[in-house]
Amino acid sequence: MYSKAIFFLIFSVIFFISCSILVGTVDIRSYFFPLLQSQPISPFPCATDPPLRVYMYDLPRRFNVGILNRRNLDQTPVTASTWPSWPRNSGLKRQHSVEYWMMGSLLHEATGDGRDAVRVMDPENADAFFVPFFSSLSFNSHGRNMTDPATEVDHQLQIDLMKFLSESKYWQRSKGKDHVIPMTHPNAFRFLRNQVNASIQIVVDFGRYPKTMSNLGKDVVAPYVHVVSSFIDDDPPDPFESRPTLLFFQGKTFRKDDGIIRVKLAKILDGYDDVHYERSAATEKSIKTSSQGMRSSKFCLHPAGDTPSSCRLFDAIVSHCVPVIVSDQIELPYEDEIDYSQFALFFSFEEALQPGYMVDKLREFPKERWIEMWKKLKEISHHYEFQYPPKKEDAVNMLWRQVKHKLPAVKLTVHRSRRLKVPDWWQRR
């Protein structure tokens, strides 16, 4: 009788466990093979994700580094061993030099963790194609103004480049959609820009272009390259009290389009002892005084200029001065990864032009909250550093990561276009 009871008990236990395994309520591995259990999935990008594979066209130097030194007539494509340093006394040309740093990151031959893009020599293995034309530097270097006859050099470079690209089977294959072209100056590539509308453009904002030419859906927003020195030893006992100026601005006040707000702000902010609002042109001396002013201020004002963004915002970030952004149509770099509300304040044009409103808000801002923002600025400022060789999660690697985010939509468009026999009905709506 006891043996039958024991047998029935064992049978029942085995039956129960078997049913539980079949319906998934028991994972036997968790009891006997705990090391085989699935690991939790991180919500952040994995550090071991393969880098973006980029094919870079070998263009003669007149399209890129040759513009930096036009006395050098060598036209062989530049290599890592012949890569020149960025000129020290380049003035404001530096703020539009994203194209230089992106090209340099692909030429850099060292391997290791932290690279979000690597150069491949076989275009068949590429995820994206980089066009190393320094369009912003070309605009800044060829002619003093838009009507200067010397701008024809820039025009001819664009003509020659488009001829080269149109003969590339890889450009033809995607109509340029998987090609990356930096053009951070608002007048870069101005003669033939409509011929590269489909490409992934690296821009600083969309202030001067219609949505059909450049938009957030296909293009990447880059930071300006900051022109002030980064604040390295910013570790005072009391950072809030170490910055006596409440609000700082130094720059041109007469600008086009939405930049007209700068003139209005000059009147609104006049007469405050703790506000520094100075009209100034960009010179080597003024850049140094601007750096000193930002480092001694709690908040740094960033009003719209000729376009919604400007270099001043990123100068403030690397100076750990909490940005106060007054620009209704600004777009910001890496915004799918970085929450700017954690270290910057935003005022609409309407709010900023109310007498006393903005200054009162800044004076009432809690010290504890400001210190949190200051610490956040110190934590994220390396994302805005352009350097050679590139470093993990610096500005250029963040930009390549943004390019990678755009590619799934590019591939969808390219693959659909290869099988469509009629005009795309989505574009007709």
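Modeller: Let's begin with Lys218 and Asp219, which are both buried; buried means under 20% relative accessible area, exposed means over 50%, and partly exposed lies in between, using a 1.4 Å probe and protein chains only. Keep in mind that this is a predicted model, in which local features need pLDDT of at least 70 and side-chain atom pairs count only at pLDDT 80 or more, while totals for chains, interfaces and linings use all residues. Residues are numbered from 1 along each chain as its sequence is written, and side-chain values use heavy atoms, with hydrogens and water left out.

Lys218 and Asp219 form a salt bridge, with 2.7 Å between their closest N and O atoms; the term stands for a side-chain nitrogen of Lys or Arg within 4 Å of a carboxyl oxygen of Asp or Glu. Side chains of opposite charge can pair when their charged atoms come close. By this rule there are 16 salt bridges.

Another one pairs Arg243 with Asp234, where the closest N and O atoms are 3.2 Å apart. Arg243 counts as buried because its relative accessibility is 1%, and Asp234 is buried too, at 3%.

The salt bridge between Asp238 and Lys367 has its closest N and O atoms 2.9 Å apart. Asp238 sits in the loop between β6 (220-221) and β7 (245-251), while Lys367 belongs to helix α12 (residues 367-380), so this pair ties together parts that are 129 residues apart in sequence. (Helices, H or I with at least four residues, and strands, E with at least two, are DSSP runs numbered from the N terminus.) Both partners are partly exposed: Asp238 has a relative accessible area of 27%, and Lys367 has 28%. There is also a network, in which salt bridges that share partners join Asp116, Glu337, Glu393 and Arg401.

From the charged pairs, we can move on to the loops. Asp306 lies in the loop between β9 (297-303) and α9 (311-318), and with a relative accessible area of 18% it counts as buried. Its C-alpha is 8.1 Å from that of Gly207, although Asp306 and Gly207 are 99 residues apart in sequence.

Lys175 has a phi near 55°, a positive value in a residue other than glycine, and so does Tyr334, with phi near 55°. Lys175 is in the loop between α6 (169-174) and β4 (179-182), and its relative accessible area of 61% makes it exposed. Tyr334, in the loop between β10 (322-326) and β11 (345-346), is buried, with a relative accessibility of 1%. A further backbone feature is the cis peptide bond that joins Tyr388 and Pro389, with omega at about 0°; Pro389 lies in the loop between α12 and α13.

Now for a helix. All 10 of the 10 residues of α3 (residues 98-107) are buried, so this helix is largely enclosed by the rest of the structure. Among its buried residues are Glu99, Trp101, Met103 and Leu107.

Met103 and Leu107 are also among the residues that line the largest cavity, as are Met56, Tyr57 and Arg119. On a 1 Å grid over the protein atoms alone, a cavity is a set of points where a 1.4 Å probe fits but cannot get out, whereas a pocket is an open set with protein on both sides within 12 Å along at least five of seven lines; lining residues have an atom within 4 Å of a point. The largest cavity has a volume of about 50 Å³, volume being the space filled by probe spheres set on the points, which are joined across faces, edges and corners. The whole structure holds 3 cavities of 30 Å³ or more.

The second largest pocket takes in about 650 Å³. It has 20 lining residues, and Arg88, Arg94, Val227, Ser229 and Ile287 lie nearest its centre. Helix α8 (residues 284-295) gives the most to that lining, with 4 residues.

Finally, Trp426 lies in the segment after α13 (395-419) and counts as exposed, at 53% relative accessibility.
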